[in-house]
Amino acid sequence: QVRLVESGGGLVQAGGSLRLSCTASGRTFSTFFLGWFRQAPGKEREFVAAISRSGDSTYYADSIKGRFTISRDNVKNMVYLQMNSLKPEDTAVYYCAADITSRRTTITGASKYDYWGQGTQVTVSS
């Protein structure tokens with residue numbers, strides 16, 4: 001089994017920054033393709049960012065590209081989402097997710113991922 005735990009959410013003013021962290025159990029962490037998703041009240045869960053097993057390739061939603069950065073540390077079994085220049089529309093619960101089987105499907109779709117964390121709330125005020 002794989003257990004994911006997010007942290008780092010909170011309340012921040014527009015233009016501010018937050019760094020989300022996610023730790024994952026599993027001896028084969030370095031083989032996991034990892035992603036971040038978010039879900040606002042009344043909205044569908046949407047893709048935010050993803051990172052390859054080695055960390056050499058990253059992928060971003062157009063809405064956050066240039067503001068957010070995903071990274072990972074395979075030694076520490078951690079994945080991060082650095083969020084800068086936050087906007088009120090970034091307010092959502094943020095989830096980390098792991099694909100442990102290299103599914104042949106779009107990286108922006110929730111169906112690619114096998115395990116999910118419980119989420120951490122990010123609130124951006126005006």
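Y59 comes out as partly exposed, at 33% relative accessibility, where buried means under 20% relative accessible area, exposed over 50%, and partly exposed in between (1.4 Å probe, protein chains only). The model is a predicted one, in which local features need pLDDT of at least 70 and side-chain atom pairs count only at pLDDT 80 or more, while totals for chains, interfaces and linings use all residues. Residues are numbered from 1 along each chain as its sequence is written, and side-chain values use heavy atoms, with hydrogens and water left out.

The search of the whole structure turns up 7 aromatic pairs. Here rings of Phe, Tyr and Trp (its six-membered ring) pair if their centres lie within 6.5 Å, with planes under 30 degrees apart called stacked, over 60 edge-to-face and the rest tilted. For F33 and Y59 the centres are 6.1 Å apart and the planes sit at 40°, so this pair is tilted. F37 and F47 make an edge-to-face pair, at 5.7 Å centre to centre and 75° between the planes. F37 belongs to strand β4 and F47 to strand β5, so this pair ties together parts that are 10 residues apart in sequence. Both F37 and F47 are buried. Ring pairs join F33, F37, F47, Y59, Y113 and W116 into a cluster.

Charges show up over rings as well, the criterion being NZ of Lys or CZ of Arg within 6 Å of the ring centre and within 35 degrees of the ring normal. K112 lies over the face of F33, at 4.7 Å from the ring centre. The charged end of R45 sits over the ring of Y95, 4.0 Å from its centre.

On to the overall fold. The protein has 0 helices and 11 strands, with helices (H or I, at least four residues) and strands (E, at least two) taken as DSSP runs numbered from the N terminus. Its radius of gyration is 14 Å, close to the 14 Å that the globule rule gives for 126 residues, so the protein is as compact as a globular protein of that length. That radius is taken over C-alpha atoms, and the rule is 2.2 Å times the number of residues to the power 0.38. The C-alpha trace spans about 40 × 25 × 25 Å along its principal axes. Of the 126 residues, 41% count as buried. Among contacts (heavy atoms within 4.5 Å) between residues at least 6 apart in sequence, 57% join residues at least 24 apart.

What about the inside? In soluble globular proteins, nonpolar side chains tend to be buried together. A nonpolar core is taken as a set of buried Ala, Val, Leu, Ile, Met, Phe, Trp, Tyr and Cys residues joined through side-chain atoms within 4.5 Å. The largest such core has 35 residues, of which W36, V48, F68, L81, M83, Y94 and Y113 touch the most other members. Two or more residues come from each of β3, β4, β5 (46-51), β7 (68-73), β8 (78-83), β9 and β11 (120-125). Setting aside residues up to four places away in sequence, M83 touches G16, S17, L18, L20, R67, F68, Y94 and V122.

The whole structure holds 1 disulfide, the cut-off being a pair of cysteine sulfur atoms within 2.5 Å. It is formed by C22 and C96, with the sulfur atoms 2.0 Å apart. The bond links distant parts of the chain, C22 in strand β3 (residues 18-24) and C96 in strand β9 (residues 92-99), 74 residues apart. The torsion about the S-S bond of C22 and C96 is about 50°, so the disulfide is right-handed. C22 is buried at 2% relative accessible area, and C96 is buried at 1%.

The loops have some points of interest too. Most residues other than glycine have a negative phi. N77, in the loop between β7 and β8, has a positive phi near 55°. S102 also has a positive phi, near 55°, and lies in the loop between β9 and β10 (115-116); at 39% relative accessibility, S102 is partly exposed. S30 sits in the loop between β3 and β4 (33-39) and is partly exposed at 38%. Beyond residues up to four places away in sequence, S30 touches R53, R72 and N74. S30 and D73 are 43 residues apart in sequence and 8.7 Å apart in space, C-alpha to C-alpha.
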